[in-house]
Amino acid sequence: MNPKLPFQIRKRQILSLGIFGILIIFSQIAFSIYKKNQHYEKPQITFIAPKVEEIILTEFNPNDLDESQWKNLGFSEKQVKTILKYKEVVGGNFKSKEQFKKCYALTPEKYEQLKNYILLPENNSDFKNNQNNYKPYEKKRLNLKGKFNPDLYSQKDWENLGFSEKQSAAILKYKNYLGGSFISKEKLRECFMINDEQFSQMSPYLILPNKTPENLTQKFEKKKEKEVVKIRQYFDPNDLNQEQWQALGFSEKQAISILKYRDKILKGSFKSLEDIQKCFMISPEKYEEMKPWIRLSIVDKPKQTEEKTVVAEKTDFSKINLNQITFKQLQEFGFTEKDSAGILAFRKKLGGFINKQQLLETYEIDRALGEKLIYVAKLDNSEVPKYSLANAPEDWLKKHPYFRYSADRIIFYRISYPDDKKIWKYLKLKPEYEEKMRLYIINDK
């Protein structure tokens, strides 16, 4: 046997171990460099308190709502108690819209805002005639297949769960209102679109904490505290500027509208408590809160001044056509210069309003004031231009707010298919978009 053989074997083993060790060192260095270049960011949800609370509406039966759901519709605690008391007075259930409308806590403007969403017959006679057949609200069991995180649900997911298209869209709006997350089961429960039975079905499957984290609870409570402003001193409403009206608890837009109402419509001053009470921006509850502290100091003016004041007549807005209302008339009604210009600009782009609700689509106008105007004023749309999809001018299609995003496709399809029915078929639009576009299409069936 060769004596050098064990030594050579040992030498090879040592060399192999050395190479293996070098490889390990290089791999560790490479991994550390790779790790340094990786940036792991934890996903964060930022909760943003909205500037203006939005009331999101969908179909509802007023007999099914509890106290918190009435509050989510925009009613104060006092109004909710009045509504629930009135409900007991009429026998424990509202039988019709007509009966619900008579509730003292419901203003005509608020009723107009809600009436299209109320799942009740129009009047009591309809209720009696259809008492056996009428089903205002059909409770359905939700299609729950397992645990889920509602923050990750799209509108389609909510629809598959058992909610309607409108309800699903409104639920997502509520999530955005909270800042992009439902936060907790407690917060999801406050969503107006989800009734008690639906929430009870969902609750065991929700991947959400039961309670809202303490820091976020305090944030929401502080927001509510800021909204409630207690009046502790006497004041003359004729001496208040915009900041002082806001200090009383009104929003910036409300304060501006109150000043417009005082300076334009009332010619510079509130003459009586009735003038203040009639101001649309001041709710009945706010007026009752303010009333004990109001001190009006109106000095009687000479007869000559009074006679001059009478010369400028107030506009009768019940006779005004929304397609002809002017900039000055909009300001007289209480809109700011910005809102008035916005309404007229949007009307011009449309070529005129086909229905009153379109006025409310104007970007960032005072919605409450807009709802009052469309309730009071009339609308004549007989002179608004309409076309067929096959013959509409290209320039009109590309500039019209409802058509411009589909203009190129319409122009393309009608080259081969100059028939409106086929063009509609190929466009494959969402129902809400198509509904708006059809307002301006002639011979549309």
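Tutor: Buried means under 20% relative accessible area. Keep in mind that this model is predicted.

Student: Which residues of α21 are buried?

Tutor: A407, I410, I411, Y413 and R414 of α21 are buried. Each is therefore under 20% relative accessible area.

Student: What do the buried residues of α21 pack against?

Tutor: They pack against α20, α22 and α23 (431-438).

Student: Why is I29 called partly exposed?

Tutor: Its relative accessible area is 41%. Buried is under 20% and exposed is over 50%, with partly exposed in between. So I29, at 41%, is partly exposed.

Student: How many residues are in the largest nonpolar core, and which have the most contacts inside it?

Tutor: The largest nonpolar core has 56 residues. W245, L359, L373 and F403 have the most contacts inside this core. Elements giving two or more residues to this core include α13 (252-265), α19 (367-376) and α21 (407-416). The largest share, five residues, comes from α13.

Student: What is L373 in contact with, leaving aside neighbours within four places in sequence?

Tutor: L373 is in contact with F317, L322, I325, L330, F333, F335 and L359. Contact here is heavy atoms within 4.5 Å, so each of these has such atoms that close to L373.

Note on methods: Residues numbered from 1 in each chain as written. Predicted model: local features only at pLDDT ≥ 70, side-chain atom pairs only at ≥ 80, totals over all residues. Heavy atoms only, no water. Buried < 20%, exposed > 50% of the residue type's maximum accessible area, 1.4 Å probe, protein only. Core = buried A, V, L, I, M, F, W, Y, C linked by side-chain atoms within 4.5 Å. Helix = DSSP H or I, 4+ residues; strand = E, 2+ residues; numbered from the N terminus.
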